[in-house]
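Dear colleague,

Please find the structure below for your review. My notes on it follow.

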Amino acid sequence: MAGFEYICNRKKDAVLVIGGGVAGITASLDLADAGQSVHLVESDSHLGGQVSKLDKLYPTDHCAFCLLWTDVKKCMEHPLITVHTLSHVKELKKESGKYSAVILKNPHYIDEKKCIFCGRCVEECPAGAIHPGWEHAWPPSFVIDESSCTKCGNCAEVCPSGAINMELREEEINLVVNDVIWSTGFKEADLRHLKEYGSGTHPDIMTSMEFEDWTAEGGINKGEIVKRSNHSVPQNIAFIQCAGARDLRMIPSCSAVCCMHALKQAGWTKRRNRTIDCYIFYTDLRTVGRDYYRYSLREFEGTEIKLIRGRPGLIHPLPGGDGIAVQFENTLTRKRELRKFDMVVLNGNIQPSLIQYRPGQDEKTAIPPMDKEGFFNTESDETSTFACGFGLEPADVAESVIQASAAAMGVMNKETDQT
Amino acid sequence: MVVAVWSGKLIMLEKTKNIAKQILEEKKANGVLGLMKNQRDIVQPHVFKRLPELDALVLEPKWLLAKLSMSILRSSPEGYRLAVLCRGCDERALIELTKRNQIEKENLLTIGIACSQEQAAICLCDRPYPAKVDAGEIASGVDPFQDERVREFLIGNDKKRMEKWANVLKRCIKCYGCRNSCPICVCEPCKLEDDVWVQRGDVPAEMATFHLIRAFHLSDTCVACGACQEACPVNIPLLYLQLSMRKTLKEKYGYEAGLDPEKKSPILSDFLKEPETGREYPEWINSLREKDGH
Amino acid sequence: MNQPRILIFACKWCGLIGADAAGKKRASLPARFRVIPVECAALVEPDAILRALAGGIDGVAVLGCHSGGCRYNNANHASIKRFELLKDLLDTTGIGGERLLLSFGTAHEYHQFEEIIENFFNELAALPPLDPWLSPFGVVS
Amino acid sequence: MANITVFLCRCFGEIDNAIDFDLLRKELSKDTSVSSVSIVDSLCLEADIEKAASQIKETKADRVLIAACPTLSRGNLPVDGLIKEGIERHKIDLVDIREGCAWIHGNDPEGAVKKAKDLINMGLAALQHKEASKDMRVSVHPDALIIGAGPAGLAAATSLAKTGFKVNILERASAPGGMLRLISQLYPTGEDAADKLNPYIDEVENNHLITFYPQSKISSIEGCIGNFTVQFSSQGEDNSIQSGIIIIATGAKIFFPTGLYRYGEIRNVITQMEIERQFLKGSFDAKKPVFIQCAGARDKERPYCSTICCPASLKNAMRLAGENPGSEVFILHRGIMTPGNVLEKYYRDALSMGIQFICFEEEKPPMIMGNDRVEHVEVYDAVNGITRKIETDLVVLSTPLVPNDDSVRLAQMLGIEVDRYGFFSESYPMHPLETKMDGVFICGSARWPVASDQAILQGRAAAMKAVSYLRQREIAASTLSRVPGPKSGHARVVPDSCTGCGNCVAACPFEACHLEKLEDRHISKVDMMRCKACGNCVSVCPNGSMQIPEHNYRMVGEMIKRAF
């Protein structure tokens, strides 16, 4: 029972969790529930990460926010979790088994604890720099976008609850932590230098995250599927899988989540507007999780999504800007085709968000070893690194959450080993 | 023809008497609940305990014995077994009562008698026979929706029907006869006596609540015996309220009250866990059209 | 002009979020609806709906979570069949099943809530008034 | 007579811009149940909450009604603040007059005032009828029980033991290891399965906190989180243990493809497990092996991908190719399922080793040709559009994992659910290892087919989830909530009026209700540890004997009456 008592009474040094997406939130909550104090660092204004940018989740077609929201709220209100939003880890040094960290915290000019969401500041802002976080962010508060803010101070004058203080400056927080969990998640890679995908050449050629945002129920189009170029309803949409992924020029690995993501997007497109034809250009349709294969069957059969095995060789806007030409070979019928699409969604170009960093590149930041593609390499590190989520390996929500709990367990076990 | 009907009825009665006799002789039950015609020609329910009594056993008129058997069994000592002469609706009511733990299955025996075609027509019964028929010829069921009287109340636009029903229900004198005669209504206290749901002291009873709450509470248990409307002193066709709900349960969920003692009512289970997977949401549900969930 | 009144039972984890968001966006809806927050759509007793209709409320909306999104292990879906039967009963008696709106997972955004309630107001306005059903003593207003 | 204090929050003018508070106050003071009405600037600020609390104490108000913004904005702040000040939760009610009234009806001040008045009236009604649910505390037995000693179970056990908890492991077989004992090497590292397994087995043997029960069979599981009692027999001896939580790591079994691809009828058509068994004995001689994927998977009967068969085939194909120089290895597949960075690289390795991949379609499966032993395989190559005849001396069928035979029985004992395929299912996607029963966790292939490294990860993750419960000395039923904050209450039976019809038992999605036999009748009982207060039982109870005190029918009825 010694260990039991030990855990109950432990209030030692904290654990630092870097990244406030689903994985980071879960790891923090697990540790905090086990009695460990946690510092959670998130670069965005609210917790939630990439999942907060998703509209629906496969395979249950849940609204992403609904799943996330509960845990975000628990995290914000947990007495053992200190959440640092708009923050970065500036320095992280390992000294005698512990880490000393410097966190650079950018000011929330609007105090989340005081903002009553009345919106008077939004009306007064001449630069249009004030907006809510994501649609269902917790706590509900407005955020000032620093890049467009002119610091005129109008907002502070009209704020009835005195939540706005433009005088705030960034601050540095020094921490000593026992362990670090990396849950830095993914970002979209720039596809522009793979010319055949035509990324950036036409407003209707989007990446899947852009498409998700563009068509989200809570987004600007309220769930309507329209073209970005002229707001008309597209006749057909091409979902291009493995764009940049499974491709040695850019991302050699399979991003694991994109097949299901495309099936989900195509399915929801069909659900919202039956007249739109959806084509998915795939290499292998990888559906390995619970109900994933069934989901693919259902989306395929029930909603007449057309699946084409083949990777387009060229995607190019048509002259005059009306439509996009996609040239491809259907490898199951062995026919070469050139077809006009109204919208093209590029799927697969996601990679770990820390890919541009390299261990040792920045001496002040003890980034754990990574492989060439930017995934953390936990096995080779003897001092044991704890990582979870997409930064560890391509993972969807369920897997990320499992990895997060496992990483938290790793921290717990290591802590005990030392005593 | 008349003779044939008569002799048929006599054969049925003799057969029933023989079964009852056998039960009493073999001590399968402590008593047989049935109808007795006494010396003054008055028919009343009676628990037959001795063989000679059985001479007075009669089968007519239709008299629902389910609730009575429940009270007898409840007030009897442990181990008391009762055999009940029951028609189709009566048997279904007994099954519903067993499902609801009001009667213990082991203490009950049924002697099933089939109703005549005329009786079926009077009751608008779609199943005028018990699952276990011991005596009588099985008559064919009547589709209540084909009956003119019923159609009058179920067809027509909303406004007309609303007025039709409102006019009928206005006659209500709130005697609670419908509830008291119902073989399934066993709750004590009853929601109809609670002024949160039904205003007390109102006559006619508050219509949308009193009648509809009563009807809805029986949605999945009503065995269409018609006892409520037989008991109604002002002739409100209360059975007609149940018909469309019974139809929905039968057609969409394959459920009929009182048929299968093991089958739970579908309204207790999750929509997604229906045996037929891939079930579509009813159209009227404004929903994300999740076809089958997970 | 018929001015229908609506009672909304909103699940705290879906419909109510939409209702709140509609408020935050300053959506403008007629002030003739009232919201009763509930833990889950399963908690809404059909009797309560009848009670509301008997009290002179023209329509009742139940807003719940969508399939699989229920925090109570799909408890919301258990209520579908109950409401299906209730609709039958309302149809039989001429009150009209249209007076009961059941919506799962479609009201969690402000515009969806707005749309649903607006449509419901319009639908109810087109229905004949409930007057014949309201007994002289039972009206509560 | 009720003595209710009403606080009207101005919200810095956001609310009283649209709603005339003076009018409201006048109306409210007519209500005999209201003892005082105060208008405050902003109830969500700490100073104001304190002021309000002291005012409540001074006036000795019974109950408090706050008219402000909804819980999902800042309305929870005054409520939580007052609770902290010692006022009971059920004596406070919050009415949303900002989002739901002032803001949404900003252009209809008359309607807004009327609505605000009605809403506050409804709130007053609610307050007068609200009752408090009882709570219950269960002391937590600090031991953990793990069912199954495969990689997932072992990982969970060792993690928990390292953290300091006593662990009991029940295993059907006579030794730990599960399916890892049947295979030789692991993908993608090529590590020996035994090497992976041995540290765990050592830990199980040497750690005094872990007790291993081989050859055990569970006969019953009773209780709820904090205190499960499990009856089982181990090596023929009956035994019983108690545990605070249960982790299910029973794994899955391999599907035997009898009748498929002439398996069982013809020699040299074997399954992956048989080839693994050969590898455990030593090397294996095959010059022209053909692997057929999805044998019995992704079809009508088993419409799922079993996750591990593609990488397993890659592993064995590469091993055969490596051990038999000059051999020609084919993999016939319906799409190679190697998601992620590591497995994708593994696939590339296989390609560069010269293993040939042929994609076939579900409708045109490969044909096994030959009389008493397989001579060649005929397959329609979907990509090249030709039928190919592959000479072969060995056909290896990749079969899926299927659920254990007794998984349904175990699920029933625990009150958890299995999915349509028979694997244990989680109840909420963001918590993939938690089931609908608190304190019962699932991991490894019992949940969904996974490879050993994933199973180990899940085992550790499940252990982490368990720690948060095990570390508590006692658990209050009200904290076992699926929503932010505590539960909204517990269902309560009125025993006098309960007819024992069993509707609630059938309807409860958490199996919290059960019938109890009294002398002359049955009545329903609610297990508070399981009840989540969804209210399903309330709606199916024929006479209102089942109620959630915080949301009882009197309150709802009264609110409806006052709604307009």
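Helices (H or I, at least four residues) and strands (E, at least two) are DSSP runs, numbered from the N terminus. Residues are numbered from 1 along each chain as its sequence is written, while chains are lettered from A and ligands numbered from 1 in the order in which they are written. This is a predicted model, in which local features need pLDDT of at least 70 and side-chain atom pairs count only at pLDDT 80 or more, whereas totals for chains, interfaces and linings use all residues.

In chain D, D:D299 sits in the loop between strand 15 (289-292) and helix 9 (309-323). D:D299 counts as partly exposed because it has 14 C-beta neighbours inside 10 Å (buried means 20 or more other C-beta atoms within 10 Å, exposed 12 or fewer, partly exposed in between; C-beta atoms are placed from the backbone). Its C-alpha atom is separated by 7.8 Å from that of D:E362, 63 residues apart along the chain.

In chain C, helix 3 (residues 75-92) has 18 residues. Of these, 17 are buried, so helix 3 of chain C is largely enclosed by the rest of the structure. C:G94, with a positive phi near 80°, follows this helix.

Between chains C and B, 41 residues of chain C are in contact (C-beta atoms, placed from the backbone, within 7 Å) with 41 residues of chain B. Helix 2 (46-54), helix 3 and strand 4 (100-104) of chain C each supply at least two residues of the side that touches chain B. Helix 3 of chain C gives the most to that side, with 13 residues.

Yours sincerely

Terms used. Expected span 1.5 Å × (residues − 1). Contact = placed C-beta atoms within 7 Å.
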